[in-house]
Amino acid sequence: MLKSKIGTVEAIMLILTIIVAHSVLSMPTNILSSYKSASILNIIYVGIIAICISFLIYKLFKNFPNMDIIDISEVIGGKFFKNIIGIVFIIYFIVTSSLMLRNFCESIQILYFPMTDITFIIALIVIAIAISNRLDFIGTIKTNVIIIPIALIGVLFLFFTNINKFVPERIFPILGEGAFNTFVIGLTNIASFGGIAYLYFLPPLLKDGTNFKKITLISISSTAIYLAFTIAVLLFIFTFFVDVSEISPLYTATRYIEFGTFFQRLESIFLLIWILVFECYLSIVCKFSMNIFQKITGISNKKALLDVFLLLIFSISLIPKNLAISQSFESKIYPYLMIGIVLVLGIGILIFANIAKIKHFQSNINRKELTNEQMG
Amino acid sequence: MNKWVRNFIIFIIILVFISAFSSSYSSLNIDNLTYVLAIGIDKSDDNKLEVSFHFSNPIPAESSASEKVSPIINTVTASSLSNAINLVNGYQGRQLNLSHCKVIIFSEKIASEGISDEIYTLINDTQIRPSANIIVSKCNAKYYMQQIKPEIENLLSRYYEIFAESSKYVGHIPNATIGDFFNSLICKTCEPYAILGGINKDNSKTNSSTSSDFGDNNNINSQKDYNIKANDSSVEGENKVENIGVAVFKDDKLVGELNALETMAFLSIRNKVDRFLVSVPDPLNDNQYLDIYITPHGSTSVSVNTSTSSPYIKLSCNFTAQIYSMSENSKYLSADVLESISNSCNTYLKAMFLDYLYKSSKDFEADINGLGIFAAKNFTNTHEFEEYDWETSYKDAFFDVNIETSVKSGMLINET
């Protein structure tokens with residue numbers, strides 16, 4: 001049983017997979033176009049709030065060792081409530097990942113396979129996930145531990161190799177579109193920390209549950225640092241991301257890396273790394289969705305569910321007629337879905353569960369005191 | 001499931017994927033591609049685009065490595081750049097691949113009318129590299145391409161790749177790329193620029209007669225060496241193409257040109273030159289000039305005061321220098337002499353920088369130095385900065401330049 005559980009580093013990398021996968025798409029452009037020169041300031045501000053939220057999640061989970069949000073939902077609202085919460089999270093994971101997959105495949109099609117129908121590109125990635133998930137989830141997690149550090153080093157590499165082109169003054173005007181836009185409207189940018197959603201399901205998967213605090217804080221802080229570096233690369237070198245929407249801004253940034261006339265065209269290596277990151281991301285989504293479904297239905301063999309979920313991901317990713325629809329989901333719908341489901345609903349359930357537990361604890365104490373008095 | 005059935009299904013899936021991806025493979029197969037090294041864009045008489053493509057010419061197996069191959073240029077007239085590419089695709093029977101395109105040449109005529117459509121189209125192309133250089137040719141772009149005959153390089157692609165590198169050690173041209181051009185085109189605090197190209201008109205005779213007009217006055221000659229642009233130089237050679245100076249744009253339209261001396265000032269302020277040679281007045285000998293290698297020491301510091309509608313821009317540059325020209329009775333081991341030469345450099349460079357800055361502000365009204373970003377520091381939000389309207393107020397700017405030059409020594413000889 002312990003063999004199928006995940007360690008601290010593996011869990012941190014798992015959370016970071018989500019941000020790396022999202023950052024490859026148009027998320028950085030959305031941040032830059034919304035907050036302009038104040039984008040880094042906004043990331044620092046939102047990052048601090050995200051760290052506070054993750055600490056709150058850790059505190060709220062403390063009273064429920066080895067339980068995830070589905071188990072906790074059952075504690076406070078019974079089986080019916082548990083099913084509803086489970087279905088909501090499955091829909092959130094599947095829809096989000098499907099449309100991200102669509103956006104990613106659109107980029108691959110434009111760049112490398114202009115004559116190939118996008119259905120085949122999506123199908124190829126889905127088949128790869130089907131094969132990897134059939135082997136063992138731990139295999140995916142171990143791959144993650146290799147791929148994610150490479151992807152993170154890649155962004156640092158982008159940062160340092162382009163440092164001679166940096167214009168740090170691009171952070172001015174310091175408040176971008178204004179204080180209200182940066183700090184009040186900018187709160188919606190907390191949706192960039194999509195990895196928080198996966199924290200709710202981590203405790204039962206961990207080898208050592210006591211490391212949950214460490215995992216939570218390190219993964220969310222690393223997410224904030226990674227995002228700050230990503231945005232810094234784009235803001236300090238390019239002015240056009242603020243006004244021009246690119247399919248993959250990080251890819252565009254990699255095209256600028258050149259070391260003389262010898263090392264050129266490094267973007268292909270970056271794209272290869274990002275394809276692997278995306279495979280890991282979708283594998284994680286499938287694994288978590290299957291776990292939730294197993295919990296709400298109680299079926300014993302969850303491997304049979306893999307094809308169903310992959311078919312769902314494949315079908316949903318084919319729904320948008322064009323890039324505009326799938327990108328508008330990413331920029332306009334996803335942030336509110338994340339805030340509504342992950343932050344409001346998720347934290348709401350945890351708070352209710354904690355209140356219920358405290359009340360239950362107090363009523364137990366009162367009952368004990370009453371019994372003691374009667375005995376006295 | 002039966003093992004045979006499963007294997008059969010896998011086989012069918014593999015076949016389907018092979019057929020699905022083969023179309024992309026075929027279209028991007030090296031056998032079906034023609035590599036473009038340079039694109040020249042002119043305006044035709046009927047107001048359409050006249051686009052010329054300079055192709056790489058594969059060296060035949062039987063030819064020796066030193067043998068030069070003649071360039072292949074195709075020209076097409078079309079309503080847009082993309083249509084022009086498409087027409088040549090059909091003509092060549094191969095697909096044009098722009099991933100090795102090193103240079104994009106615009107004629108002066110089309111550049112003055114605006115080139116934003118072409119720039120946006122090229123940036124939208126997945127094959128064009130952001131490092132491709134942009135040249136504005138003072139002549140027809142096709143003619144410019146035809147006159148490129150590199151004497152040292154056998155490979156034309158090699159010439160295209162390295163010619164702009166001289167910007168770092170000569171400082172007569174900027175390394176202007178399409179990536180930077182697009183960046184500046186979108187930017188609200190800076191304006192785009194390009195390399196100024198032209199054709200050598202055999203000015204050697206003209207120049208020698210001009211110098212005789214000035215008699216033996218050495219200072220006039222040495223200064224004239226730097227007041228040149230493309231089309232003006234006195235270099236003779238088989239390669240008729242010469243790139244000297246900067247083509248200055250306001251938005252997407254060409255508004256002016258900088259000569260070699262102004263280009264050095266421009267590159268210095270932008271911290272894009274490693275070393276350049278200037279002729280400064282010799283403080284010890286009237287009417288004589290000293291050739292000095294100037295090396296920027298640290299980045300240019302810029303501060304902008306926006307308290308009035310006319311921005312007051314203060315620049316501070318530090319240089320180290322070495323004396324290159326040498327004559328009899330030179331005494332460069334004396335601290336006083338070096339100090340006086342340093343002062344002469346300061347005065348000369350200050351005048352050179354101020355001339356250039358006021359030219360960019362008053363004549364071109366184009367902030368190609370990107371000084372606007374330093375003005376943005378004075379504002380808390382973009383609305384306030386937009387209200388200040390940097391693009392308009394730059395023409396009313398005042399400049400102050402502080403130059404600190406430290407002349408170190410001569411080179412191998414310090415005293416004669």
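Hi everyone. In chain B, the C-alpha centres of domain 1 and domain 2 lie 32 Å apart. Before I go on, please keep in mind that this is a predicted model.

So where are those domains? Domain 1 of chain B covers 24–200 + 237–258, and domain 2 of chain B covers 271–416. Where they touch, 16 residues come from domain 1 of chain B and 17 residues from domain 2 of chain B. On the domain 1 side, the elements that give two or more residues are β8 (241–250) and β9 (253–258) of chain B. Of these, β8(B) gives the most, with three residues. If you like to think in side-chain classes, that side of domain 1 has eight nonpolar, four polar and four charged residues.

Now let's look at a strand in chain B. How many residues of strand β6 (residues 133–137) of chain B are buried? Five of its five, which makes β6(B) mostly covered. You can see this on both faces: N133(B), I135(B) and S137(B) are buried on one side, and I134(B) and V136(B) on the other.

What pairs with β6(B)? Strand β5 (residues 103–107) of chain B runs parallel to β6(B), with five bridges between them. There, I104(B) stands opposite I134(B). Strand β7 (residues 193–199) of chain B is also parallel to β6(B), joined by three bridges. In that pairing, V136(B) has L196(B) of β7(B) as its bridge partner.

Next, the meeting of the two chains. Chain A puts 30 residues into the contact and chain B puts in 27 residues. From chain A, α4 (69–111) and α5 (118–135) each supply at least two residues. The chain A side divides into 16 nonpolar, six polar and eight charged residues.

Last stop, helix α6 (residues 137–161) of chain A. Its 25 residues, at 1.5 Å a residue, should span 36 Å, and the end C-alpha atoms are 35 Å apart, so the two values agree. Do look for the kink, though: α6(A) has one of about 25°, centred on N144(A). N144(A) is also one of the buried residues of α6(A), and others include T140(A), I141(A), I147(A) and I148(A). Further along the list of buried residues are A151(A), V155(A) and L158(A). And what covers the buried residues of α6(A)? The cover includes α1 (8–24), α5, α9 (212–237), α10 (249–254) and α11 (267–297) of chain A.

Definitions and conventions
Residues are numbered from 1 along each chain as its sequence is written. Chains are lettered from A and ligands numbered from 1 in the order in which they are written. This is a predicted model: local features need pLDDT of at least 70, side-chain atom pairs count only at pLDDT 80 or more; totals for chains, interfaces and linings use all residues. Domain bounds come from an automatic or database domain assignment. Two residues are in contact if their C-beta atoms, placed from the backbone, lie within 7 Å. Helices (H or I, at least four residues) and strands (E, at least two) are DSSP runs, numbered from the N terminus. Ala, Val, Leu, Ile, Met, Phe, Trp, Tyr, Cys and Pro count as nonpolar, Asp, Glu, Lys and Arg as charged, and the others, Gly among them, as polar. A residue is buried if 20 or more other C-beta atoms lie within 10 Å of its own, exposed if 12 or fewer, and partly exposed in between; C-beta atoms are placed from the backbone. Two strands pair if DSSP finds at least two bridges between them. The expected span of a helix is 1.5 Å times one less than its number of residues. The bend at a residue is the angle between axes fitted to the seven residues ending there and the seven starting there.
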